[in-house]
Amino acid sequence: MDYGEEHTRNIAIDLNYERHRYVYRSVKRIFDFVASFFGLVLLLPVFLIVAIAIKLEEPKGPVFYSQIRLGRQQRPFKMYKFRSMVVNADSLKKYLIDKNEVDGAIFKIRMDPRVTKVGRFIRKHSIDELPQLLNVLLGQMSLVGPRPPLPDEVVNYTDYDKQRLFVKPGCTGLWQVTVRNEVGFDEMVGLDLKYILHRSVLFDLGVLIKTISVFFRPNGAY
């Protein structure tokens, strides 16, 4: 698939058109609010089990982990996850930069030594992402959209890459339910822009349905 200049112009046209798509934006926000509210309520038993498992493995560490990410139009917000790494994981990152396995402005290691045993399991099944339902409830994220990047990643973005920040970030997206970590940064951006160009209520529902299957059939998350 070609993600060149023509694709870039199409994205710009689509974003201009999006400003007038009141029905889609309204339906998406209502669905996000209702689904995240009921999701948080229904998943309380899962939250409790994961919290106990995290505490049993590392009693002194927190259950949840928060990190500043950039959302729509590069607005910073605090994103929540279940803690899947050792407590001092952020300070250890600088020692692992040269082991990065993904090209471009993103950091990923398949066998990251900072990940705990419980963390490896909840990452594999994307359970660590569930607390982001709170971000969706607050309107900082959507259920479906590009993943929110770290500020130090966006520093290395080109103008083309920054197009993925034109819309509200999501808990899941086209990249996560298709190729996930099997591709590099450029391919991820291409899939995000493809979603932005073609997003609709039906498209979002399709991504959500595929996301549910990831909990039972992991597709390369680490």
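**Reading the model**

Guide: In α3, the residues V50, A53, I54 and E57 meet K117, V118, G119 and I122 of α5, where contact means heavy atoms within 4.5 Å. These residues divide into five nonpolar, one polar and two charged; Ala, Val, Leu, Ile, Met, Phe, Trp, Tyr, Cys and Pro count as nonpolar, Asp, Glu, Lys and Arg as charged, and the others, Gly among them, as polar. The model is a predicted one, in which local features need pLDDT of at least 70 and side-chain atom pairs count only at pLDDT 80 or more, while totals for chains, interfaces and linings use all residues. Residues are numbered from 1 along each chain as its sequence is written, and side-chain values use heavy atoms, with hydrogens and water left out.

Visitor: At what angle do the axes of α3 and α5 cross?

Guide: Two packed helices are described by the angle between their axes and the distance between the axes. Here the axes of α3 (residues 44-57) and α5 (residues 117-124) cross at roughly 150° and come within 9 Å; the axes are lines fitted to C-alpha atoms, for helices over the stretch in contact, and angles run from 0 to 180 degrees between N-to-C directions. The two helices α3 and α5 are therefore roughly antiparallel to each other, given that angles under 35 degrees count as roughly parallel, over 145 as roughly antiparallel, 65 to 115 as roughly perpendicular and the rest as oblique.

Visitor: How do α2 and α3 pack?

Guide: Helix α2 (residues 22-42) packs against α3 at an angle of about 55°, with the axes 4 Å apart, and α2 and α3 are therefore oblique to each other. On the α2 side the contact is made by L40, V41 and L42, and on the α3 side by L44, P45 and F47; by class, this contact has six nonpolar, no polar and no charged residues.

Visitor: Where does UniProt place the feature "transmembrane region"?

Guide: The unreviewed UniProt entry places that feature at residues 30-54; such positions are given in the numbering used here, feature names are shortened, and annotations may be inferred rather than shown by experiment. In the model, residues 30-54 are 96% helix and 0% strand, and their end C-alpha atoms are 33 Å apart.

Visitor: What does the secondary structure of the chain come to?

Guide: It comes to ten helices and four strands, where helices (H or I, at least four residues) and strands (E, at least two) are DSSP runs, numbered from the N terminus. From that end, the elements run α-α-α-β-β-α-α-α-β-α-β-α-α-α. Among contacts between residues at least 6 apart in sequence, 70% join residues at least 24 apart.

Visitor: Which residues touch the most other members of the largest nonpolar core?

Guide: In soluble globular proteins, nonpolar side chains tend to be buried together. A nonpolar core is a set of buried Ala, Val, Leu, Ile, Met, Phe, Trp, Tyr and Cys residues joined through side-chain atoms within 4.5 Å; buried means under 20% relative accessible area, exposed over 50%, and partly exposed in between (1.4 Å probe, protein chains only). The largest core has 38 residues, of which F82 and Y195 touch the most other members, and helix α9 (residues 185-198) gives the most to this core, with seven residues. Leaving aside neighbours within four places in sequence, Y195 is in contact with residues including Y24, K28, V144 and F203. Of the 222 residues of the chain, 48% count as buried.

Visitor: Is S142 buried or exposed?

Guide: S142, which has its place in strand β3 (residues 142-144), counts as buried at 1% relative accessibility. Apart from neighbours within four places in sequence, its contacts include K28, D32 and K168. The C-alpha atoms of S142 and T172 are separated by 8.6 Å, although these residues are 30 apart along the chain. In strand β1 (residues 64-70) one finds S66, which counts as partly exposed at 35% relative accessibility and touches K78, M79 and Y80, not counting residues up to four places away in sequence.

Visitor: What is the phi of Q73, and what is that of S126?

Guide: Most residues other than glycine have a negative phi, and most peptide bonds are trans. Q73 has a positive phi of about 55° although it is not a glycine; Q73 is found in the loop between β1 and β2 (76-82) and is partly exposed, with a relative accessible area of 45%. Phi of S126 is near 60°, also a positive value; S126 is found in the loop between α5 and α6 (132-137) and counts as buried at 11% relative accessibility.
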